[in-house]
Amino acid sequence: MAKVIVVGGGAAGLVAAWRAASLGHSVLLLEANGRLGVKLRISGGGKCNITHDGLPKDLLAAFPKDQARFLRPALFALDSAAVVALLRREGVDTYVRDNGRIFPLDRPGSAVAVVAAFESLVRRTGVEIRTGARVTALRGRTPRIESLELEGERLTADVYVLATGGASYPETGTRGEVLGWLAELGVPARSWFPALAPIPLQQPRPAWEGVSLREGELRLGAGPGGRRLDGFTGDLVFTKAGISGPAALELSQATERARREGAAWLSYATVPGPPEAADVSLQSEQRSNPRLLAATWLQRHLPERLVGPLIQEAGLASDLRLKELPRAGRRVLVDLVTALPLGAPQAVSLARGEVAAGGVALPAVDPHTMALRGWDNLRICGELLDIDGPVGGYNLQAAFSTGYAAGSL
Ligand SMILES: Cc1cc2nc3c(=O)[nH]c(=O)nc-3n(C[C@H](O)[C@H](O)[C@H](O)COP(=O)(O)OP(=O)(O)OC[C@H]3O[C@@H](n4cnc5c(N)ncnc54)[C@H](O)[C@@H]3O)c2cc1C
């Protein structure tokens, strides 16, 4: 029986502590906050999109390839069905939404019920829990961690499991400092980087706050009319400072990377395909429906609230009919529906991301045990690893699965 210290009482740490204790080890769980699972409590807007429906191979397909390869053994050991079953045993029933996302059954504060379930699980298995316990240093050198420090206290164990999360939403306890300590110990790591965050724009449209663009593609290019760098099909919503919604969150990491490299430009296509095809369809509409207002045509593809201002900005008359539309005007309309310009982004905030990209480099970690290679008694799990999945329950599942592997001592 080993003495295990788990640092971090979030999704990964709770599962790691429960798993190690259920295998008979003596486990101490240290959490900086006054209570467990603070980020879990705000996940999914307080409803907690706990995981995603599907076989492990389907879930893995949602992650970047290197992350999927790494996650494979852990996800097979604890898949989404196992998480659902675990919660059901603890009295938390779940349901699957049409898009595959799994939530606890709808009732106010369902994320709180998830945390309570995990808390009861760790308590019942005999884990000693200390909240308000922020670790301030790790002592040791390869191949062993000797101790860790809390304010005015030094603790030792046979095995240390680090589950301190990422670096976004620092108010939830995740300040990301542990990655710096690990780097000082020679552990390979990629610096924290913003991901799944809203994108502020250099020229935001506060008047459009709350308006959504639906079922189109947010495109990232290298400057206006420049080479296409990336794209994501999904909804987008205007905010005071820029854009948010699924497409913005998913494209935020690539956008920030392109911005730092000096060329990032965003546009949204509500009509798929090349502009030439949209032009052909507009010309056929001109012939079949010449009295149709240009604004009405635009309204078929863009929200009503945007149409007036866009027609005005383009210098077209609000009562212009399709038959009066000159070639240049046609081009304007086609551009608006195939590449509505959103413009250059401002810096994407690390703090406002649903995850932080970056973390301990995956090749440095054994994917079966989460043990850090070259170290005898150090395991890493959860968002502290260089894993960032898409929105949809994938990140919590990755935290649960890697926590389970880390606790399987
Ligand atoms: C607003 C928001 C909504 C989200 N919604 C979802 C969702 O619906 N579905 C989904 O799959 N993912 C969601 N995520 C992402 C998901 O919450 C995280 O990926 C997941 O919580 C990571 O788990 P973790 O255990 O690695 O880290 P965390 O859950 O962040 O836990 C880490 C814990 O370590 C503690 N800690 C840190 N440093 C120290 C230290 N030095 N000493 C002691 N303790 C320390 C922290 O206080 C924290 O409690 C959301 C994230 C955010 C911010």
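A backbone N or O atom of Glu-383 sits 2.8 Å from an oxygen atom of the ligand, a polar contact in the sense of a pair of N or O atoms within 3.5 Å (within protein, one must be able to donate a hydrogen and the other to accept it, and residues adjacent in sequence count only if both atoms are side-chain atoms). On the nitrogen side, a polar backbone atom of Asn-49 comes to 2.9 Å from a nitrogen atom of the ligand. Taken on its own, the ligand has 1000 Å² of accessible area, and the protein covers 96% of it; such areas come from the Shrake-Rupley method with a 1.4 Å probe, and for residues only the protein chains shown count as cover.

This is a predicted model, in which local features need pLDDT of at least 70 and side-chain atom pairs count only at pLDDT 80 or more, while totals for chains, interfaces and linings use all residues. Residues are numbered from 1 along each chain as its sequence is written, and side-chain values use heavy atoms, with hydrogens and water left out.

Helices (H or I, at least four residues) and strands (E, at least two) are DSSP runs, numbered from the N terminus.

Rolling a probe the size of a water molecule over the atoms shows where empty space is left. On a 1 Å grid over the protein atoms alone, a cavity is a set of points where a 1.4 Å probe fits but cannot get out, whereas a pocket is an open set with protein on both sides within 12 Å along at least five of seven lines; lining residues have an atom within 4 Å of a point. Grid points are joined across faces, edges and corners, and a volume is the space filled by probe spheres set on the points. By this rule there is one cavity of 30 Å³ or more, and the largest cavity has a volume of about 30 Å³. Its lining consists of Leu-59, Phe-63, Leu-71, Leu-75, Tyr-394, Gln-397 and Ala-398, with α4 (65-77) and α13 each giving two or more residues. That makes six nonpolar residues, one polar and no charged.

Also in helix α13 is Thr-402, which counts as buried at 1% relative accessibility; buried means under 20% relative accessible area, exposed over 50%, and partly exposed in between (1.4 Å probe, protein chains only). The side chain of Thr-402 reaches the backbone oxygen of Ala-398 at 2.8 Å and that of Ala-399 at 3.3 Å.

The second largest pocket holds about 410 Å³ of space. Among its 17 lining residues, Gly-225, Gly-226, Trp-265, Ser-267 and Ala-339 are the closest to the centre. At least two lining residues each come from β14 (217-221), β18 (265-269) and α12 (327-338). The lining splits into six nonpolar, six polar and five charged residues.

Most residues other than glycine have a negative phi, and most peptide bonds are trans. The peptide bond from Thr-142 to Pro-143, though, is cis, with omega near 10°, and Pro-143 is in the loop between β7 (135-141) and β8 (144-150). Tyr-169 has a positive phi, near 45°, and lies in the loop between β10 (159-162) and α7 (177-184). Met-370 also has a positive phi, of about 65°, in the loop between β20 (355-360) and β21 (378-380). Tyr-169 is partly exposed at 24% relative accessible area, whereas Met-370 is buried at 0%.

As for the whole protein, it has 13 helices and 21 strands, and buried residues make up 53% of its 409 residues.

Technical notes. Nonpolar A, V, L, I, M, F, W, Y, C, P; charged D, E, K, R; others polar.
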